[in-house]
Amino acid sequence: MKNKCEFVAPCHFGLEAVCKREIMNLGYDVVKVEDGKVTFTGDMAALVRANIFLRTTQRILLKTGEFRAETFEELFQNIRQIPWEDYLPIDARFWVTKATSVKSKLFSPSDIQSIVKKAMVERMKEHYHVNWFEENGEDYPVRISIYKDIVTVALDTSGESLHKRGYRKMVSKAPIEETLAAGLIRLTPWNKDRILVDPFCGSGTFPIEAAMMGANIAPGMKRDFQARHWENLLADTAWEKGYEEAEDLVDRSVQMDIQGYDIDPQIVKAARENAKRAGVDHLIHFQQRPVHKLRHPKKYGFVITNPPYGERLEEKEDLPILYREIGEAFSHLDSWSEYVISAYEDAEKYIGKKADKNRKIYNGMMKTYFYQFLGPRPPKKPKNVPVSGKPNHTDA
């Protein structure tokens, strides 16, 4: 296998720039940014570090091929030309776990899946000189994406989606995905020195993700990945090194003011449990409290929240009252910035003010808006510069 590989990092539509920045901060070169995905290059260690450290991607795909195909014959022949023996051992269990096609002549997912599998088997037969594969080894799931007749072929290195950090055992009615929550926090100027409150915290995702960022806890340091079992491609020492790097970077001395409120006491209890599993329960104060009681004595804080937006018909009737309460609560937070993700189209109307910025974000297939009500920046702290220009010191 070549030393430099191409990887694809799928992300929520609207968060591509955030995902790109994260990848570049890890030290890798971004090749291409498209709707809902970022392609980058790196060595095989990048596969490990991307899975462990990236907060906003859904999974890490190892690209094995890309080509144009307008017929099933072209698809078959091109898949057959990929050197699958470089990726799959003789006992590999391999299948096409997902095939998507947009604006392309080949559009039947089930046909695409069966033809790709057939072509892979033919290639493997030629290399391993066997007619039958037991497929009793490790899993090597393949993903096929076709856009405007360009076929991208990749191995899924993550397995379970990366939004599953391992801490959220108990969820509220309409939880926000961890990857989306992390991306939305990254769209704000919040940092660990600023107050953060989520008045609709549900299972605690926004507060927990913020606390993990502030404490520099890598999102994947407590979970397993599919590629960890691919010993033919990557020694286990590479994974151990990745986990060790993550462990070394944790800031255990950090202190933060993060608060999560919810009206449901059982949900608040669940949020506390989730925070404990994430290792950040000491950094977050959870409390049962309705939104109309949202108050804070300090200035220049942040509200980042995902309030209900009436996915069920009977809930829609309550939304005007709820969003008026949100607006009323915001009016008491002098100098704060508020960030609200909602699919409710009258959100601004009932909050009672127009957002300074508004960003379209897809939460799965649902179109939502990230309303950004921007408060003033806090004044810069004066630096203690002595008149002489020499540093201050105290005589012993």
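The structure is a predicted model, in which local features need pLDDT of at least 70 and side-chain atom pairs count only at pLDDT 80 or more, whereas totals for chains, interfaces and linings use all residues. Residues are numbered from 1 along each chain as its sequence is written, and side-chain values use heavy atoms, with hydrogens and water left out.

The chain contains 11 helices and 14 strands, where helices (H or I, at least four residues) and strands (E, at least two) are DSSP runs numbered from the N terminus. Taken along the principal axes, the box filled by the C-alpha atoms of the chain is roughly 75 × 70 × 40 Å. Of the 396 residues in the chain, 52% are buried, a term that stands for under 20% relative accessible area, while exposed stands for over 50% and partly exposed for values in between, with a 1.4 Å probe and protein chains only. Among the contacts in the chain with a separation of 6 or more, 76% are accounted for by residues 24 or more positions apart, a contact being defined by heavy atoms within 4.5 Å.

In helix α3, which spans residues 72-81, the buried residues are Leu-75, Phe-76 and Ile-79. These residues lie on the same side of α3, because they cover an arc of only 95° around the axis, the arc being that of the directions from the helix axis to the C-beta atoms. The elements against which the buried residues of α3 pack are β4 (61-68), α4 (109-128), β6 (139-147) and β7 (150-156).

The axes of α3 and α4 come within 8 Å and cross at roughly 40°, which makes α3 oblique to α4. Here axes are lines fitted to C-alpha atoms, for helices over the stretch in contact, and angles run from 0 to 180 degrees between N-to-C directions; angles under 35 degrees count as roughly parallel, over 145 as roughly antiparallel, 65 to 115 as roughly perpendicular and the rest as oblique. The residues of the contact of α3 with α4 comprise nine nonpolar, one polar and six charged, where Ala, Val, Leu, Ile, Met, Phe, Trp, Tyr, Cys and Pro count as nonpolar, Asp, Glu, Lys and Arg as charged, and the others, Gly among them, as polar.

For helix α5 (residues 178-186) and helix α6 (residues 205-214), the axes come within 9 Å and cross at roughly 65°. In this pair, Glu-178, Ala-181, Ala-182, Leu-184, Ile-185 and Arg-186 of α5 meet Thr-205, Phe-206, Glu-209, Ala-210 and Met-213 of α6, and by class the contact has seven nonpolar, one polar and three charged residues.

Most residues other than glycine have a negative phi. Glu-135, in the loop between α4 and β6, has a positive phi of about 55° although it is not a glycine, and with a relative accessible area of 22% Glu-135 is partly exposed. Asp-149, in the loop between β6 and β7, likewise has a positive phi, near 70°, but Asp-149 counts as buried at 7% relative accessibility.

A further loop, between β10 (284-288) and β11 (302-305), holds Pro-290, which counts as partly exposed at 22% relative accessibility. Pro-290 and Ile-258 are 32 residues apart along the chain, and their C-alpha atoms are separated by 17 Å.
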